[in-house]
Amino acid sequence: MTTLNEFSSCVAQYDPQAMPVSAAQAIVRQWATPVSAVEHVPLHDALDRVLAADIVSPSDVPAHDNSAMDGYAFRSAALASQVDSVELTLAGKALAGHPFGGAVAVTECVRVMTGASMPADCDTVVPQELVTRSGETIRFAASAVRDGANRRLAGEDLARGSAALRAGRVLRPSDLGLIASLGIGEVPVRRRLRVAFFSTGDELRSLGEPLDPGCVYDSNRHTLFAMLQRMNIDALDLGVVRDQPAALEAALRSAAASADVVLTSGGVSVGEADFTQQLLQTFGDVAFWSLAMRPGRPLAFGRVWSGERPGLGLPALFFGLPGNPVAVMVTFYQIVREALVVMSGATPQPAALLQATSRELIRKRAGRTEFQRGVATRDARGQWHVTPTPSQSSGVLSSMSEANCFIVLEHERSDITAGESVDIMLFDGLI
Ligand code: AMP
Ligand code: MG
């Protein structure tokens, strides 16, 4: 068995105690393998699910040429034969769902409503606003329309046999409409990824419990649950585990038995009650346990098994997130999220970064990537500006609620002066 540890040590810039963010992301991506099971679900249950196979169009959409306007359909040859004004005789009408079945001579036209099938031989529609009608005679200026105007072609939306949607797509409302327009009511999707998570710490209390002196309420489980829920992941809350090696080992093994990925928070630094890293070295496989990143320096990544030794029982990827609530969110979005996307079977999309001007001096040390919390605004000229939130402490969760973006400060960069350009990652669409 190739261990993660062996693999990771071959990655450029490998340093298990201060792994650059880009190297950590590359290692994590390498070990994220998509779930393979496929389910068939009705369209109403398919939103945000990951498409498991291409959806191929069984027919042209629309199925027939049809009118894009309320007006009169005719043969474009009529335009050439009549110089200034065109005069046609009404031969019948076609409504959406009620086609006109007869033949149409070049001197004739058919009243058509939007969406009605084009009558045989007709290729052009003149909108009703541009005609004058007296009895059965329709007149309009020859310059009013060009050949083929106001006609939607069969297959214009989707051609028969073409892939309407590709496997790996996370289904959106428009996709569900598109699939329905093909007459398909059920779609193949990957089974949902299962992620088990728990918090570690003797000081943690769950909601509803009294807050003893020196204790804090466990907030990380609630942020984690919500972040997983947003990604439509099957999230399994395993509660709080005390800072005891035996309890932690049992929790990790039972988590590995029931999920594809295990997330924990707390206990990954090198304090006296931080056992996770130690445990992982003996019965798991660790790639790295510390990142050149702020917040989020202590972060363990590896694999765990449900059995007694590495390689025994069911495997799961493991992320030991820091305990500080902001660091949990930052490491989730910057390191964990992409792995979960890939494991869900979806095609990952690069995070959209915008350029903004910093309104303030930002203190930054070279040699680590920082994800500061910022408030970004767009001025009248469309230029983005950003101000860091007053607190950048990794324990101050209100800074995440106050912010609307991460300010991404690259590894090599040092202090940023006011007016300098920085990359920002907006929470909208990410969080
Ligand atoms: P640790 O990494 O375990 O030393 O935790 C770092 C800090 O984060 C400590 O102040 C913990 O009390 C706090 N912390 C750890 N886990 C949680 C949690 N689940 N909810 C809120 N705060 C936490
Ligand atoms: Mg702790």
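The largest cavity has a volume of about 40 Å³, a cavity being a set of points, on a 1 Å grid over the protein atoms alone, where a 1.4 Å probe fits but cannot get out; grid points are joined across faces, edges and corners, and a volume is the space filled by probe spheres set on the points. This is a predicted model, in which local features need pLDDT of at least 70 and side-chain atom pairs count only at pLDDT 80 or more, while totals for chains, interfaces and linings use all residues. Residues are numbered from 1 along each chain as its sequence is written, chains are lettered from A and ligands numbered from 1 in the order in which they are written, and side-chain values use heavy atoms, with hydrogens and water left out.

**First stop: the cavity.** Select R294, P295, E370, F371, Q372, R373 and Q392, which line the largest cavity, lining residues being those with an atom within 4 Å of a point. Colour strand β23 (residues 369-378), which supplies the largest share of this lining, four residues; strands (E, at least two residues) and helices (H or I, at least four) are DSSP runs, numbered from the N terminus.

**Second stop: the pocket.** Of its 39 lining residues, P298, P322, G323, N324 and S394 lie nearest its centre. Show β14 (194-200), β16 (216-217), β19 (285-294) and α8 (325-343), each of which supplies at least two residues of the lining, with β19 giving the most, five residues.

**Third stop: the ligand.** Ligand 1 sits in the second largest pocket, meaning that more than half of its atoms lie within 2 Å of the pocket's grid points. Around ligand 1 are 14 residues, the closest being E203, D218, S219, N220 and G267, where a residue counts as near if one of its heavy atoms lies within 4 Å.

For the polar contacts (pairs of N or O atoms within 3.5 Å), display D218, where an N or O atom of the side chain is 2.7 Å from a nitrogen atom of ligand 1. Then show the backbone of G323, where a polar atom is 3.3 Å from a nitrogen atom of ligand 1, and that of N324, where an N or O atom lies 3.3 Å from an oxygen atom of ligand 1.

Definitions and conventions
Polar contact = N/O pair within 3.5 Å; in protein donor to acceptor, adjacent residues only side chain to side chain. 1 Å grid on protein atoms, 1.4 Å probe; cavity = no way out; pocket = protein on both sides within 12 Å on 5 of 7 lines; lining within 4 Å.
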